[in-house]
Amino acid sequence: DQGTIALGVALASNVSLEVLKLGSNHVSDEAGRAFCSLLEKNKTVQSVTIKGNQVDHAAQAKLKKILKRNKEHKENEIPNKLHKEVIRLHYQQCKLQEANHELMYHQKARMKLQEEMDGHDARLMQEREEAEKKSHELLEKVRREEQELDDLAQKRQTKEKDFIKFQEDVKVDIERLNERLEEEIGRREACEVTLREKRE
């Protein structure tokens, strides 16, 4: 019983353990109730096996309620992650649009500079060379920005594919969780029937 209570104290702050098997461990009714009370602080445990112990129906019902809460908490984490991913993709899309506007701005600046260069007199060769140098720098900057835009577009496409795959994986995970939940409910119901039969 002391070990069961100590385990409950440890689980109150544990965030990684999901499955716990306590079957046939001589857990008394009192220890079972204390364990359930401590387990209420835990949000990650998904399954606890207590078959073969002297834990009454009320404690089992409380344990079942806690596990159900934890499973719902875990299932709600998935939509939250999806929402954050959508926000992040939207932010990247906004940055891409800003880059497009900046590219258009530089393209217009380049055209204007080219028109000014066409009007220079041949006697101002030195100034023309300086202007050509500046034009080359602008073209190089535009080229780099175009390359960055291409990279952003490719990354966005990759993220969209990853997002679609993530949705599919989430759907599969949810189906698996539902199957496990149904199996767990079936096992618990069978245990309750067995327990009632033993008591009768």
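A compact globule of 200 residues would have a radius of gyration near 16 Å, whereas the protein has 33 Å. The model is a predicted one. Along the principal axes, the C-alpha trace of the protein spans about 115 × 30 × 20 Å.

The secondary structure consists of 4 helices and 2 strands. Read from the N terminus, these elements follow the order α-β-α-β-α-α.

Contacts show how parts of the sequence are brought together. Among contacts in the protein with a separation of 6 or more, 80% are accounted for by residues 24 or more positions apart.

The next topic is burial. Of the 200 residues in the protein, 23% are buried, where buried means under 20% relative accessible area. Helix α2, which covers residues 29–39, gives an example: A31, G32, F35, C36 and L39 are buried there. Where do these residues sit around the axis of α2? They lie on the same side of α2, because the arc they cover around the axis is only 140°.

As for charged side chains, 39 are positive and 41 are negative. The centres of these two sets lie 6 Å apart.

Conventions. Residues numbered from 1 in each chain as written. Predicted model: local features only at pLDDT ≥ 70, side-chain atom pairs only at ≥ 80, totals over all residues. Heavy atoms only, no water. Rg over C-alpha atoms; globule rule 2.2 N^0.38 Å. Buried < 20%, exposed > 50% of the residue type's maximum accessible area, 1.4 Å probe, protein only. Contact = heavy atoms within 4.5 Å. Lys, Arg positive; Asp, Glu negative; His and termini not counted. Charge placed at Lys NZ, Arg CZ, Asp CG, Glu CD. Arc of directions from axis to C-beta.
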